[in-house]
Amino acid sequence: MCTMTWFLTNDGYELFFNRDEQVTRSRALPPSIQHHGDETGGLSYLSPTDADAGGTWIASNESGVTVCLLIHYQFQQISTYKNWVSRGEIVREFSQFVDLKQARRHFESL
């Protein structure tokens with residue numbers, strides 16, 4: 001089970017995240033700086049990378065927005081869902097927003 005905990009500080013917050021990995025998955029690649037758009041004009045974010053699928057489970061961007069996804073295994077049991085969007089791509093997609101208002105608007109459009 002994945003878990004997330006946060007601690008508010010005078011300077012912002014500290015975030016702690018535990019990723020529950022299957023023993024058959026490759027070890028994740030360490031966090032690196034990534035970019036939305038081109039490297040000169042796109043928003044930068046920091047995230048680890050799933051070595052098997054290329055996505056991520058947590059990302060923090062240069063605007064101070066952190067996005068993470070906790071897994072809900074129930075959906076894996078529903079056979080009618082055929083056109084899945086990878087969970088790891090959802091986190092990367094949401095890491096481009098600079099505030100909750102933008103993220104909420106996008107979430108409601110999904």
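Author: Two strands pair if DSSP finds at least two bridges between them, and strands (E, at least two residues) and helices (H or I, at least four) are DSSP runs numbered from the N terminus. In β5, S60 is the bridge partner of L46. This is a predicted model, in which local features need pLDDT of at least 70, side-chain atom pairs count only at pLDDT 80 or more, and totals for chains, interfaces and linings use all residues. Residues are numbered from 1 along each chain as its sequence is written, and side-chain values use heavy atoms, with hydrogens and water left out.

Reader: What makes β4 and β5 a pair, and in which sense do they run?

Author: DSSP must find at least two bridges, and β4 and β5 have two, in the antiparallel sense. β5 also pairs with strand β6 (residues 66-68), again antiparallel, over three bridges. S60 has T66 as its bridge partner in β6. β5 and β6 form a hairpin with four residues between them, and G64 in the turn has a positive phi of about 90 degrees.

Reader: Which elements does the chain contain, and in what order do they run?

Author: The chain has two helices and six strands. From the N terminus on, the order is β-β-β-β-β-β-α-α.

Reader: Why is S47 called buried?

Author: Buried means under 20% relative accessible area, exposed over 50%, and partly exposed in between (1.4 Å probe, protein chains only). S47 stands at 0% and therefore counts as buried. S47 is found in strand β4. Contact means heavy atoms within 4.5 Å; leaving out residues up to four places away in sequence, S47 touches P30, P31, S32, Q34, T56, I58, A59 and R92.

Reader: Why does W6 count as exposed?

Author: The relative accessibility of W6 is 54%, so W6 counts as exposed. W6 lies in strand β1 (residues 3-9).

Reader: How do you know that R25 and D50 form a salt bridge?

Author: A salt bridge is a side-chain nitrogen of Lys or Arg within 4 Å of a carboxyl oxygen of Asp or Glu. The side chains of R25 and D50 meet at 2.4 Å, N to O, and form a salt bridge. This pair links distant parts of the chain: R25 is in the loop between β2 (12-18) and β3 (29-35), and D50 is in the loop between β4 and β5, 25 residues apart. D50 is buried because its relative accessibility is 8%, while R25, at 29%, counts as partly exposed.

Reader: What makes R25, D50 and D52 a network?

Author: Salt bridges link R25, D50 and D52. The side chains of D52 and R25 also meet in a salt bridge, at 4.0 Å, N to O. D52 lies in the loop between β4 and β5 and R25 in the loop between β2 and β3, so this pair ties together parts 27 residues apart in sequence. A search of the whole structure finds two salt bridges.

Reader: Why is the pair of F94 and F97 called edge-to-face?

Author: Rings of Phe, Tyr and Trp (its six-membered ring) pair if their centres lie within 6.5 Å; planes under 30 degrees apart count as stacked, over 60 as edge-to-face and the rest as tilted. By this rule there is one aromatic pair. The ring centres of F94 and F97 are 5.5 Å apart and their planes stand at 70 degrees, so the pair is edge-to-face. Both F94 and F97 are buried.
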